[in-house]
Amino acid sequence: MNLLDKVNAQLKESALKQDKDKVLTLRLIVSAVKDKEIEKRGAGAKDTSIKDEDVITVLNKMLKQRRESLEIYKKASRNDLAEKEDKEINIIQEFLPKQLDDSETKKACESAIKDSGAASIKDMGKAMGILKSKYPGSIDFSKAGALLKELLSKWNFQKNI
């Protein structure tokens, strides 16, 4: 069963249980995935079928949007809206692969630096490319980017001493 089928199965189950919040969020996911499919067709791609990687990309985008909204709502003391966003984040995360924790992310970044032969911040794109190919959907790339920058800066600084 692919990821989209799991979302649709959860949608049916939630509709039967009359869980309105979950139904709304799952419908948003299905709609966003359909938009992605239409986007692929419009781009003239030969294979317009939706794969799990496409669904993960859509889910990560939705998750990022909700986290940003959550921060805004918290700053504005809009607890009702913040609570809604938090519920949506939890529902979306159910379908994403397990995220690497900070220590695992650091190990992955160090490994990517070694594998890519990155020597300075100029080579950060090489290391990021390796991370994106090895850990799609299971690593927070904003954290990984900051960590790569930090590691490469230290390495470059130590090399110049």
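**A guided tour by selection**

Being four residues apart in helix H4, Lys84 and Glu88 are separated by about one helical turn; helices here are DSSP runs of H or I with at least four residues, numbered from the N terminus. Before going further, note that this is a predicted model, in which local features need pLDDT of at least 70 and side-chain atom pairs count only at pLDDT 80 or more, while totals for chains, interfaces and linings use all residues. Residues are numbered from 1 along each chain as its sequence is written, and side-chain values use heavy atoms, with hydrogens and water left out.

**Stop 1**

Select Lys84 and Glu88 and show their side chains, which meet in a salt bridge at 2.9 Å, N to O. The term salt bridge stands for a side-chain nitrogen of Lys or Arg within 4 Å of a carboxyl oxygen of Asp or Glu. Lys84 has 43% relative accessibility and so counts as partly exposed, whereas Glu88, at 7%, counts as buried. The cut-offs are under 20% relative accessible area for buried, over 50% for exposed, and partly exposed in between, with a 1.4 Å probe and protein chains only.

Arg66 and Glu88 are both buried.

**Stop 2: Lys134 and Asp115**

How many salt bridges does the structure hold? There are 12. For another of them, select Lys134 and Asp115, whose side chains meet at 2.8 Å, N to O. The two partners come from distant parts of the chain, with Lys134 in helix H6 (residues 124–134) and Asp115 in helix H5 (residues 102–116), 19 residues apart. Lys134 is partly exposed, with a relative accessible area of 45%, and Asp115 is partly exposed at 48%. Then select Asp21, Glu83 and Lys87, which salt bridges with shared partners join into one network.

**Stop 3: H1 against H2**

Select helix H1 (residues 3–17) and helix H2 (residues 20–42). They pack at an angle of about 150°, with their axes 9 Å apart. Axes are lines fitted to C-alpha atoms, for helices over the stretch in contact, and angles run from 0 to 180 degrees between N-to-C directions. H1 and H2 are therefore roughly antiparallel to each other, a label for angles over 145 degrees. The contact (heavy atoms within 4.5 Å) is made on the H1 side by residues including Leu4, Val7 and Leu11, and on the H2 side by residues including Val23, Leu26 and Val30. Its residues divide into nine nonpolar, three polar and two charged. Ala, Val, Leu, Ile, Met, Phe, Trp, Tyr, Cys and Pro count as nonpolar, Asp, Glu, Lys and Arg as charged, and the others, Gly among them, as polar.

**Stop 4: two loop residues**

Select Gln18, in the loop between H1 and H2. Gln18 is not a glycine, yet has a positive phi of about 60°. Is Gln18 buried or exposed? Gln18 is exposed, with a relative accessible area of 67%.

Finish at Ser77, in the loop between H3 and H4. Ser77 has a positive phi of about 60° although it is not a glycine, and at 55% relative accessibility Ser77 counts as exposed.

Definitions and conventions:
Parallel < 35°, antiparallel > 145°, perpendicular 65-115°, else oblique.
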